[in-house]
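Please examine the sequence and the model shown below. The paragraphs that follow begin with a single side chain and proceed to the chain as a whole.

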Amino acid sequence: MDVTGDNVGGWDYETDIVVIGYGYAGGVSAIEASDLGCSVLLLEKMPDPGGISICSGGNVRAAEDANEAFTYLKETCAGTTPDDVLQALAIGMTEITGYFEHLAKASGAEVEYRRHAGNYPFPGTETFGYTSISSVPGFDAEARYPHVNSYVPIHRAAGVRLFKVLEDNIEQRDITIWLESAAQRLITGSSGQVLGLTIDNKEGSKRVKARKGVILACGGFEANPDLQLQHWPEKPVLLAAFQGSTGDGIRMAQDAGASLWHMWS
């Protein structure tokens, strides 16, 4: 199948934004794209949404001062990450509690913030804390997500509560969701621009046009033994979490000409 060229046709489906991967990152991306007026297709290759995110502790790092957070992050990254990326992260960390409060309205959920210094005694460490969803009225985690095992009893893990809040927000928006739909390859134009992608699902192979872009939010490669072997200095590593993190986005991005960074951990 020819998946390059400016005159690619024969689309089976068209939308403004395609988001690949329905975990925290994919869910938030879909919400934000929808709120900007875009039509959104949210893809998840597994039968259930959540990815590795829903297995997490659900405590998201927040900061009170962006400059202090930037100073700390720059020290921890030891020159491996550009300043503009760290600055964007630091600013975002000061906004995350307010963003949680915005999302929580869809579920009537309670948001908790608690101060907790960074992991290392570097300058700026005292600015950090954690934001999480402390409670969701009427939410039975074991009934809603029976497929999820968390490292603490499921009724205590904030990861499922945060994902419930994201799902409630997505359900309130006109976002199309395709489960058991695996992204295969990005379709690019002659100058490398991403035009869409090919996917496989129960109905067969489909070509999806993304008029405004494709967002890769499909996780890492911890469930891919070959990529583990190539990129991790310690091996073997036995998977004890999400089976779907097989590096699909990494492969697709490489095929489209992307370079890699921060692959060792």
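Arg-115 is exposed, with a relative accessible area of 54%; here exposed means over 50%, buried under 20% and partly exposed in between, computed with a 1.4 Å probe and protein chains only. The model is a predicted one, in which local features need pLDDT of at least 70, side-chain atom pairs count only at pLDDT 80 or more, and totals for chains, interfaces and linings use all residues. Residues are numbered from 1 along each chain as its sequence is written, and side-chain values rest on heavy atoms, with hydrogens and water left out.

What is the partner of the Arg-115 side chain in a salt bridge? The partner is Glu-64, with an N to O distance of 3.1 Å. The pair ties together parts that are 51 residues apart in sequence, because Glu-64 lies in the loop between strand E3 (60–63) and helix H2 (66–77), whereas Arg-115 lies in strand E4 (residues 110–115). Glu-64 is partly exposed, at a relative accessible area of 44%. The term salt bridge denotes a side-chain nitrogen of Lys or Arg within 4 Å of a carboxyl oxygen of Asp or Glu. Helices (H or I, at least four residues) and strands (E, at least two) are DSSP runs, numbered from the N terminus.

Side chains of opposite charge can pair when their charged atoms come close. A search of the whole structure finds twelve salt bridges. One of them joins the side chains of Asp-35 and Arg-173, at 2.7 Å from N to O. This pair links distant parts of the chain, 138 residues apart: Asp-35 belongs to helix H1 (residues 24–35), and Arg-173 to the loop between helix H5 (158–171) and strand E6 (175–178). Asp-35 is partly exposed, with a relative accessible area of 43%, while Arg-173 is buried at 18%.

A further salt bridge is formed by the side chains of Arg-144 and Glu-167, at 2.9 Å from N to O. Here too distant parts of the chain are linked: Arg-144 is in helix H4 (residues 141–144) and Glu-167 in helix H5, 23 residues apart. Arg-144 counts as partly exposed at 31% relative accessibility, whereas Glu-167 is buried at 10%.

Gln-228 is found in helix H6 (residues 225–231) and counts as buried, at 10% relative accessibility. Which residues does Gln-228 touch, not counting those up to four places away in sequence? They are Phe-221, Glu-222, Ala-223, Lys-235 and Val-237, where contact means heavy atoms within 4.5 Å. Lys-235 lies in the loop between H6 and helix H7 (248–255) and is partly exposed at 41% relative accessibility. With the same exclusion of residues up to four places away in sequence, Lys-235 touches Gln-228 and Leu-229. From Lys-235 to Gln-254 there are 19 residues in sequence and 24 Å in space, C-alpha to C-alpha.

Ala-78, in the loop between H2 and helix H3 (83–104), has a positive phi of about 55° although it is not a glycine. Ala-78 is exposed, at a relative accessible area of 63%. His-262, in the segment after H7, also has a positive phi of about 55° and is not a glycine. His-262 counts as partly exposed, at 32% relative accessibility.

Finally, the chain may be viewed as a whole. The protein chain holds seven helices and nine strands. For 265 residues a compact globule would have a radius of gyration near 18 Å, and the 19 Å of the protein chain agrees with this; the radius is taken over C-alpha atoms, and the globule rule is 2.2 Å times the number of residues to the power 0.38. Buried residues make up 46% of the 265 residues. Among contacts between residues at least 6 apart in sequence, 65% join residues at least 24 apart.
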